[in-house]
Amino acid sequence: MAMASLARRKAYFLTRNISNSPADALRFSLSLTRGFASSGSDENDVVIIGGGPGGYVAAIKAAQLGLKTTCIEKRGALGGTCLNVGCIPSKALLHSSHMYHEAKHVFAKHGVKVSSVEVDLPAMLAQKDTAVKNLTRGVESLFKKNKVNYVKGYGKFLSPNEVSVDTTDGENTVVKGKHIIVATGSDVKSLPGITIDEKKIVSSTGALCLTEIPKKLIVIGAGYIGLEMGSVWGRLGSEVTVVEFAADIVPAMDGEIRKQFQRSLEKQSMKFMLKTKVVGVDSSGDGVKLMVEPAEGGEQTTLEADIVLVSAGRTPFTSGLDLEKIGVETDKGGRILVNERFSTNVSGVYAIGDVIPGPMLAHKAEEDGVACVEFIAGKHGHVDYDKVPGVVYTHPEVASVGKTEEQLKKEGVSYNVGKFPFMANSRAKAIDTVEGMVKILADKETDKILGVHIMSPNAGELIHEAVLAINYDASSEDIARVCHAHPTMSEAIKEAAMATYDKPIHM
């Protein structure tokens with residue numbers, strides 16, 4: 001009877017002469033679900049499980065679109081891994097450790113003499129914690145401003161429109177919603193035979209709060225996180241060795257840029273053992289012994305360290321959600337399968353961010369969140385994963401967007417390459433930070449920009465000119481003919497663009 005009634009109401013609605021506005025579309029969608037009064041699903045328009053970059057941004061956007069919204073977060077502090085134990089605290093320590101390194105090794109060259117420079121690790125960690133605390137409170141204030149209901153606790157599905165929450169104060173409550181978004185992010189990927197105790201064998205979380213600077217630090221994994229955290233402790237005095245199973249660091253990076261990047265890190269005394277497999281670990285003594293061998297097999301050797309950082313990637317965090325209870329489909333890697341509108345195979349249930357396929361990046365999760373609630377509200381959301389920038393926040397930074405040269409070769413695309421070294425950039429020479437380059441890849445026939453790769457200080461800021469250009473299908477000549485202020489690091493992008501379609505001026 002209920003389904004027949006629903007069908008009649010839908011047919012009646014569609015035959016009436018009404019507006020096709022997003023607001024009408026939303027009211028129609030909600031009117032259908034109200035037919036099942038026993039579910040109580042009309043209490044919230046949108047419920048979001050997870051308060052990280054994807055979840056809290058989705059919650060704020062949903063509220064701004066006029067939807068009654070509740071966000072559930074188990075940590076008791078908003079911002080997810082990124083804000084609490086990831087992007088933000090790591091960037092705080094990267095900046096603080098860089099300041100120490102500059103004071104110790106560079107200031108004198110610029111005529112600034114300091115009699116002695118010491119690391120006050122407790123103060124450094126306190127500054128990091130203050131930054132995190134202020135930002136989490138800031139997100140909570142945004143919830144209040146936008147009238148987002150915030151529930152602190154661990155949520156799991158009872159049904160496609162009901163979430164049971166074990167709250168942080170020991171209670172239990174049920175949150176109901178017409179549309180439920182899973183935004184629970186990701187967790188550290190473990191390695192077989194290695195137990196992370198966050199004391200001697202740490203994840204990125206433990207590496208952010210070491211109480212002493214290790215004399216020897218081994219990093220397992222040469223990806224973004226491993227290199228960043230290795231840089232922090234290397235600048236502060238640790239002897240850092242990076243063990244990587246693959247043949248290259250950051251395998252997804254453009255090959256030419258990667259080689260320059262590795263040489264730069266090696267000049268900073270970071271050691272690399274590539275094509276190397278970890279086969280055992282012994283943490284029973286004062287330090288840690290790591291047994292390794294060549295990836296293809298061979299003689300086993302033992303490495304000793306005070307601390308081992310396991311940084312072998314991340315995995316979707318869906319534990320305890322009871323997705324299987326409501327029939328949500330996942331792939332072999334545990335990622336939730338969604339369509340182009342972020343809908344799962346279960347009506348009314350959506351997923352965004354690290355729990356779905358795509359780059360595991362905070363800013364990608366934010367875009368997912370906005371697009372998802374726009375779809376729910378009857379609007380048009382959009383995220384192009386081929387145009388999401390990536391940044392490694394070491395010094396120098398490496399930032400990229402679009403295709404690498406290796407990808408274009410594999411795809412059989414004819415392209416032009418334009419490069420410009422910061423050695424030839426006026427601002428870089430003036431401030432004595434000449435390491436790095438800009439590399440632009442453009443279609444050989446149309447000159448449309450296909451990829452941009454930058455290695456330099458503040459590359460993460462410079463990359464967004466390229467992101468904008470790629471999103472609007474600009475050509476390298478388009479960038480080259482835009483007036484860039486002088487002297488700036490950004491002029492290197494203009495010169496690289498000139499080199500792509502014609503010739504640069506300053507090289």
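**Figure 1. Buried residues of helix 8 in the predicted model.** Gly226, Leu227, Glu228, Met229, Gly230, Ser231, Val232, Trp233 and Arg235 of helix 8 are buried (under 20% relative accessible area, with a 1.4 Å probe and protein chains only). Because nine of its twelve residues are buried, helix 8 is largely enclosed by the rest of the structure. Helices (H or I, at least four residues) and strands (E, at least two) are DSSP runs, numbered from the N terminus. This is a predicted model, in which local features need pLDDT of at least 70 and side-chain atom pairs count only at pLDDT 80 or more, while totals for chains, interfaces and linings use all residues. Residues are numbered from 1 along each chain as its sequence is written, and side-chain values use heavy atoms, with hydrogens and water left out.

**Figure 2. Span and end of helix 8.** Gly237, which follows helix 8, has a positive phi near 125°.

**Figure 3. Surroundings of Asn44.** Asn44 lies in the loop between helix 2 (22-33) and strand 1 (46-49). With 7% relative accessibility, Asn44 counts as buried. The side chain of Asn44 reaches the backbone oxygen of Lys176 at 2.9 Å. Beyond neighbours within four places in sequence, Asn44 is in contact (heavy atoms within 4.5 Å) with Lys68, Thr69, Thr70, Val175, Lys176, Gly177 and Lys178.

Conventions:
Buried < 20%, exposed > 50% of the residue type's maximum accessible area, 1.4 Å probe, protein only. Polar contact = N/O pair within 3.5 Å; in protein donor to acceptor, adjacent residues only side chain to side chain.
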